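Hello,

Here is the structure we talked about handing over. Please open it alongside this note.

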Amino acid sequence: MTQLHFNDSTYQCEANETVLDALARQGVAIPFSCRNGVCQTCMMQSADANVPSAAQNGLKSTLQAQNYFLACVCHPSEDMTVSLADNTDRLLSATVTAIRQLNDEVKCVGLDCPMLQDYRAGQFINLYRDSGIARSYSLASVPTDSYLRLHVRRLPDGRVSNWIHDELKVGDSVQISAPVGSCFYLPNAPQQPLLLIGTGSGLAPLMGIVRDALDQQHAGDIYLYHGSHDAAGLYLVDELREMAAHCSNFHYIPCISGADVPVQYQAGRALDVALAAHPNLAGWRVFLCGNPNMVKTARKKAYLAKAAMNDIYADAFLVAGVA
Ligand SMILES: Cc1cc2nc3c(=O)[nH]c(=O)nc-3n(C[C@H](O)[C@H](O)[C@H](O)COP(=O)(O)OP(=O)(O)OC[C@H]3O[C@@H](n4cnc5c(N)ncnc54)[C@H](O)[C@@H]3O)c2cc1C
Ligand code: FES
């Protein structure tokens with residue numbers, strides 16, 4: 001057992017506990033979202049350089065050097081004196097410029113953030129409902145767009161997604177983090193075929209990545225498989241069909257796993273349909289986004305289909321209560 005010194009009090013941390021869990025168990029609420037070391041909302045700082053290196057994975061080297069760490073994946077090896085990360089100079093103000101219903105469950109939220117010029121389509125930001133609660137949303141826009149675009153799916157009883165759907169309106173000011181994540185397009189191999197597979201609002205980063213690749217004159221084939229249980233769960237179908245009609249190397253395949261499959265849709269789960277059409281992924285770059293179980297299975301199957309591990313990019317939309 002180790003001790004955590006936080007805000008002039010001392011808390012016990014059991015051997016199998018993370019800093020986040022130990023503090024939460026003893027009534028100290030630290031903001032968190034994914035609980036998997038992905039979103040960075042639970043960032044804290046240690047007064048000493050005794051941070052386990054696993055708790056700093058994915059943080060910028062400047063943050064690592066200042067002993068910042070992710071509380072949800074930090075298993076202390078010795079006593080630590082910790083504080084909440086001071087986000088005040090890192091959060092960015094944004095204004096809601098547009099809200100559009102994409103289907104029954106998904107809204108597109110447009111955010112104007114003049115301080116944010118430099119990002120990669122497909123990265124994600126953390127959107128703060130207030131100082132204690134934030135959630136990650138992927139960027140469906142490309143940097144040349146006039147505003148950031150998010151696709152937010154409403155989850156039953158979800159605290160942030162329901163607030164976005166029911167309360168957020170054009171003109172509101174919100175706080176967001178700088179974009180993070182490595183699921184984005186790089187123009188280093190313009191002939192390489194790209195395979196993108198997503199479910200639900202997993203289309204958000206994939207939409208950004210496809211647009212970015214096309215903007216950067218990607219010459220290889222780009223296949224986008226978007227899956228849902230029924231046709232109502234898909235969205236931007238007409239826009240994507242239109243894009244495919246105009247770009248000969250872009251192929252869009254909407255997939256339906258339920259029984260009722262209208263014409264012009266493929267029957268089956270997006271992952272199964274994609275792998276049946278492309279059983280050999282040697283030399284391909286693969287992007288997987290959305291439901292965490294789909295992403296985990298797809299990563300394994302893509303690797304077994306001979307995609308190189310470092311050619312597989314993934315964003316699992318981990319949900320706080322379910323992680
Ligand atoms: C890298 C990344 C990118 C993401 N990108 C997107 C995106 O582009 N679009 C998008 O829509 N989402 C995205 N997400 C998911 C998003 O961050 C949120 O997790 C999602 O919107 C739900 O947040 P919420 O506050 O509405 O739900 P929460 O309040 O966190 O609850 C989530 C669900 O868990 C249930 N729940 C809550 N607590 C418990 C509990 N204790 N036990 C059991 N169940 C519980 C709730 O009923 C609800 O259904 C992304 C996640 C990650 C990690
Ligand atoms: S990184 Fe800790 S909650 Fe997401």
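Below is what was found in it.

This is a predicted model, where local features need pLDDT of at least 70, side-chain atom pairs count only at pLDDT 80 or more, and totals for chains, interfaces and linings use all residues. Residues are numbered from 1 along each chain as its sequence is written, chains are lettered from A and ligands numbered from 1 in the order in which they are written, and side-chain values use heavy atoms, with hydrogens and water left out.

Strand β1 covers residues 2-6 and strand β2 covers residues 9-13. They run antiparallel, joined by five bridges. Strands pair if DSSP finds at least two bridges between them. Helices (H or I, at least four residues) and strands (E, at least two) are DSSP runs, numbered from the N terminus. L4 stands opposite Y11 in β2. Two residues separate β1 and β2 in a hairpin. N7, in the turn, has a positive phi of about 50°.

T41. This residue sits in the loop between α1 (19-25) and β3 (43-46). T41 counts as buried because its relative accessibility is 5%. Buried means under 20% relative accessible area, exposed over 50%, and partly exposed in between (1.4 Å probe, protein chains only). Beyond its neighbours within four places in sequence, T41 contacts P31, F32, S33, N126, Y128 and A134. Contact means heavy atoms within 4.5 Å.

The cysteines. There are zero disulfides (pairs of cysteine sulfur atoms within 2.5 Å). For C247, the nearest cysteine sulfur is that of C255, 19 Å away. For C255, the nearest is that of C289, 15 Å away. C247 is partly exposed, at 21%. C255 is buried, at 0%.

Best wishes
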